[in-house]
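Q: I am new to this structure and would like a close look at one part of it. Please keep it brisk.

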Amino acid sequence: MRSIWNGAISFGLVSIPVKLMNATENHSISFRQIHLADGGRIRYRKVCELDEREVSGAETGKGYQDPDGTVVPITDEDLASLPLPTAKTIEIEGFVPASAVDPLQLDSAYYLAANGVPAGKPYALLREALRRSEKVAVAKYALRGRERLGMLRVVDDVIALHGLLWPDEIRGPEGVAPETDVRIRDAELDLADALMNTLGEADLDTLHDDYREAVEELVAAKAAGEPVEPEGEEEPGGGEVIDLMAALENSVRAAKGSPRQDDGEVADVHPIESGRAASKRGGGGGGTEKAGGAAAEGRGSKARGAKGAGPEKKASDEAREPAAKKKAAAKKSSTGTTTAKKSPAKKSPAKKSSSTKSAAKKSSAGKASAGKSAASESQAKKKTAAKKKTAAKKTAAKKSSSGTRRDASGRSSRPARTRTSA
């Protein structure tokens, strides 16, 4: 590394010769301003406002402008004559815990290297003292014509110098915080903690500038004459958060990698059958749809019945289901047999087959009604015969009771039996 400053660290009476080197570097891509007509570079020239002519660097100097507009010239000799103890010295003022330094004060970072072999021993002594005390050193130094505030700390086996802003250069946060009173519930804090634990720690070594890489690829493609296709614009992820709890829950769920469900449960995954498999199982595409609709309607009616029915009703329904299924199967098989017998060998149109089926249905209905009427007539005849028999029995009983009665003279009204000799 190339040193940008040479001096010494003043540690009490100990002086440590050091060299200052930049610890950071800027990787941002810089652009030139060009003339669009011919691609020529546009430069800024120093022009004097009074005589309106360009001046060189040797003719320029420093000046301070008063609030009233008066300019006071300041030369380099004037600045060099000022007493500046830190012009070539990093003067340590004291030691504080690292947590005492506000990160807002951190500025540029530099590495300090021992300048020469004699500086190795005091350099290592200061480094190990800072390491063991777990503190940082606060120092003042001068760089590029001004005095600055700095912090010395140990990075691996090297002493690093961080430039600090002066305390009066840090602006206060007045008017930045939310003006309204905001109350945070414990449940929201728990979800925030869960989200932090799920995201885990950030690996700073793996982070990089994606935009810079995209710009480099764009420049390389244009230099090679390749067409550049614009990428699709991403939808903005910002916006007003309506439900903070829902946003936190969704963030935790997304960080864990689980699928998003509205009811908070994981959906069951069922395989979808192909059309051929469904037709084999249900006996054709139309039959499958009808059977599916009937099954869905049956399930709905069962669910409606199960809500209002008791356990006895459920048991009777379950007992009747197999019988009903058997009757339906038998009916289908019988209808299928009759239609097979009646249908001719030649294929008939769909209208004829439907009319034949309807006629067969009408004839079977007529036969069934005729059978029912005959059965009802026989039952009526049996009932009238039974009534006649009961009436005859009643009259015979009345006659027998009247024959056993005696008349007023005390004689029996029953006729005398004639005895015959053997």
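Which exposed residues are carried by the face of α2 turned away from its buried side?

A: They are K121, L125 and R132. Exposed means over 50% relative accessible area, buried means under 20%, and partly exposed lies in between, with a 1.4 Å probe and protein chains only.

First, some ground rules. This is a predicted model, where local features need pLDDT of at least 70 and side-chain atom pairs count only at pLDDT 80 or more, while totals for chains, interfaces and linings use all residues. Residues are numbered from 1 along each chain as its sequence is written, and side-chain values use heavy atoms, leaving out hydrogens and water.

Now the helix itself. α2 covers residues 120-133. Helices here are DSSP runs of H or I with at least four residues, strands are E runs of at least two, and both are numbered from the N terminus. The 14 residues of α2 should span 20 Å at 1.5 Å a residue, and the end C-alpha atoms are 20 Å apart, which agrees. That expected span is 1.5 Å times one less than the number of residues.

Next, the buried side. P122, Y123, L126, R127 and L130 are the buried residues of α2. They sit on the same side of α2 because they cover an arc of only 140 degrees around the axis. The arc is taken from the directions running from the helix axis to the C-beta atoms.

Leaving aside residues up to four places away in sequence, R127 touches V154, D157, V158 and I159. A contact means heavy atoms within 4.5 Å.

Just past the helix comes E134. Its phi is positive, about 55 degrees.

Finally, the setting. The protein chain holds 9 helices and 9 strands. Of its 422 residues, 12% count as buried. Among contacts between residues at least 6 apart in sequence, 56% join residues at least 24 apart.

The chain also has a barrel. It is closed by 7 strands in the order β1-β2-β6-β9-β8-β7-β5, with mixed pairing. Neighbouring strands of this sheet are turned by 40 degrees against each other on average, direction ignored. Two strands pair if DSSP finds at least two bridges between them. N22 has Y110 as its bridge partner in β6.

Key: Axes fitted to C-alpha atoms, helices over the stretch in contact; angles between N-to-C directions.
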